[in-house]
Amino acid sequence: MALRGRALGACLRAGDVVLLHGPMGAGKTTLTRAIAVGLGVSHPSRVQSPTFTLCMVHRGRGPSLCHVDLFRLGGDGDEGFGGGAGFDSLDLEDMLVEAGAFGEAAEQPYADRGAAMIVEWGSRWRSPPADHLAITLTRPSVDRRSLFAAATGPRAAALLCAWSAACEALSSS
């Protein structure tokens with residue numbers, strides 16, 4: 001899993017969006033930490049699940065990593081924080097604009113390198129961008145994890161193709 005995560009991180013560009021799906025303990029944060037290594041984040045060991053902070057930005061030599069965790073936001077029918085106000089206050093769409101998802105990065109705060117966005121519990125995002133990579137993680141046994149990736153949109157399709165080639169190169173070396 002770590003090699004695949006590093007390979008994905010090396011392929012990510014500013015504005016890329018990756019939605020992570022899977023049950024608790026499937027490896028979403030572990031994969032994100034490996035992606036951070038591939039992105040060149042300065043302190044990848046600091047990448048922890050932002051379950052209580054909801055969003056953390058990690059900077060490094062390449063695009064920043066915008067790590068979002070939507071676990072606490074619940075579904076549409078949930079009362080309180082998960083019922084809408086908390087979700088809408090995250091302004092994920094604004095973060096995408098700033099990260100360069102729709103062309104040139106905005107003036108702040110990521111204008112220097114842009115950011116790639118990794119979203120844990122991505123199915124809780126009410127309106128994810130049409131162009132994203134979705135990764136589903138499962139844990140069929142204690143010592144084994146499996147991963148399935150699907151691209152939606154041309155940018156994500158190119159990312160998936162580049163990631164597949166990078167993983168294939170790693171496995172043949």
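Histidine 132 counts as buried because its relative accessibility is 12%, where buried means under 20% relative accessible area, exposed over 50% and partly exposed in between (1.4 Å probe, protein chains only). The model is predicted, so local features need pLDDT of at least 70 and side-chain atom pairs count only at pLDDT 80 or more, while totals for chains, interfaces and linings use all residues. Residues are numbered from 1 along each chain as its sequence is written, and side-chain values use heavy atoms, with hydrogens and water left out.

Histidine 132 belongs to strand E5 (residues 132-141); helices (H or I, at least four residues) and strands (E, at least two) are DSSP runs numbered from the N terminus. Its side chain reaches the backbone oxygen of proline 129 at 2.7 Å.

Two residues can be set side by side through their contacts (heavy atoms within 4.5 Å), leaving aside neighbours within four places in sequence.

| Residue | In contact with |
|---|---|
| Histidine 132 | Val17, Leu19, Ala150, Ala151, Thr152 and Ala156 |
| Leucine 8 | Ile35, Leu133, Ile135, Leu159 and Trp163 |

A nonpolar core is a set of buried Ala, Val, Leu, Ile, Met, Phe, Trp, Tyr and Cys residues joined through side-chain atoms within 4.5 Å. The largest one has 24 residues, and Leu8, Leu12, Val18, Leu133, Ile135 and Trp163 have the most contacts inside it. Helix H1 (2-11), strand E1 (17-21), H2, strand E4 (115-120), E5 and helix H5 (154-172) each supply at least two residues of this core. A second, separate core of nine residues includes Leu19, Leu70, Met117 and Trp121.

Technical notes:
Polar contact = N/O pair within 3.5 Å; in protein donor to acceptor, adjacent residues only side chain to side chain.
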